[in-house]
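I opened this model to look up its charged pairs, its surface and the confidence of the prediction. My notes follow in the order in which I checked things.

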Amino acid sequence: MNTEERAALVVVNGVPKTLAYSFSSEQSGITVGAEVLVEVGRRQTRGYVIEELSLRDAVEKLKLDQQPQLATSPQLSLLPGLTSAPASKLKPVLGAQPAFQPDQLSLFRWMARYYGVSLAEVIENALPKRSSG
């Protein structure tokens, strides 16, 4: 069985740069707008997928960024070959339903630029609050 490695660009509130994580093409629920569970440093937190692309395209995109934020953890690796930690999968938080629609992303980006805040902060404030429990 041939499983293609894909990459997801993820924004996390409190992290200034976009992070990229690898995942298997067989894994469901990883699409633009998906809320995912990621590890940043030693903490596990929620992030939002803002782009899904091939692993090769993600590496090229990261090369265009002067100093990409390389996040590694025991469970996740930014991208295989760029860090020493083993790659593993992103975990969708709420199944296959995206937290927002891909066409909303351009509005969120505009709002982040206009108000001078992070894209993750705009997304979190634009989405309905859920009760935790």
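I began with Glu52, which counts as partly exposed because its relative accessibility is 32%; here buried means under 20% relative accessible area, exposed over 50%, and partly exposed in between, with a 1.4 Å probe and protein chains only. This is a predicted model, in which local features need pLDDT of at least 70 and side-chain atom pairs count only at pLDDT 80 or more, while totals for chains, interfaces and linings use all residues. Residues are numbered from 1 along each chain as its sequence is written, and side-chain values use heavy atoms, with hydrogens and water left out.

Glu52 forms a salt bridge with Arg6, and the closest N and O atoms are 3.2 Å apart; the term stands for a side-chain nitrogen of Lys or Arg within 4 Å of a carboxyl oxygen of Asp or Glu. I noted that this pair links distant parts of the chain, with Glu52 in strand E4 (residues 43–54) and Arg6 in strand E1, 46 residues apart. Strands (E, at least two residues) and helices (H or I, at least four) are DSSP runs, numbered from the N terminus. Arg6 counts as buried, because its relative accessibility is 19%.

How many salt bridges does a search of the whole structure find? I get 2, and in one of them the side chains of Glu35 and Arg46 meet at 3.3 Å, N to O. Since Glu35 lies in strand E3 (residues 35–40) and Arg46 in strand E4, this pair ties together parts that are 11 residues apart in sequence. Glu35 is buried at 7% relative accessibility, whereas Arg46 is partly exposed at 36%.

Gly14 sits in the loop between strand E1 (5–11) and strand E2 (19–24), and at 67% relative accessibility Gly14 counts as exposed. From C-alpha to C-alpha, Gly14 is 8.1 Å from Glu121, although the two are 107 residues apart in sequence.

The protein averages a pLDDT (the predictor's confidence in each residue, from 0 to 100) of 75, and 70% of the residues score at least 70. Over residues 66–88 the pLDDT is below 50, yet beyond near neighbours in sequence this stretch has 59 contacts in the model, a contact being heavy atoms within 4.5 Å.
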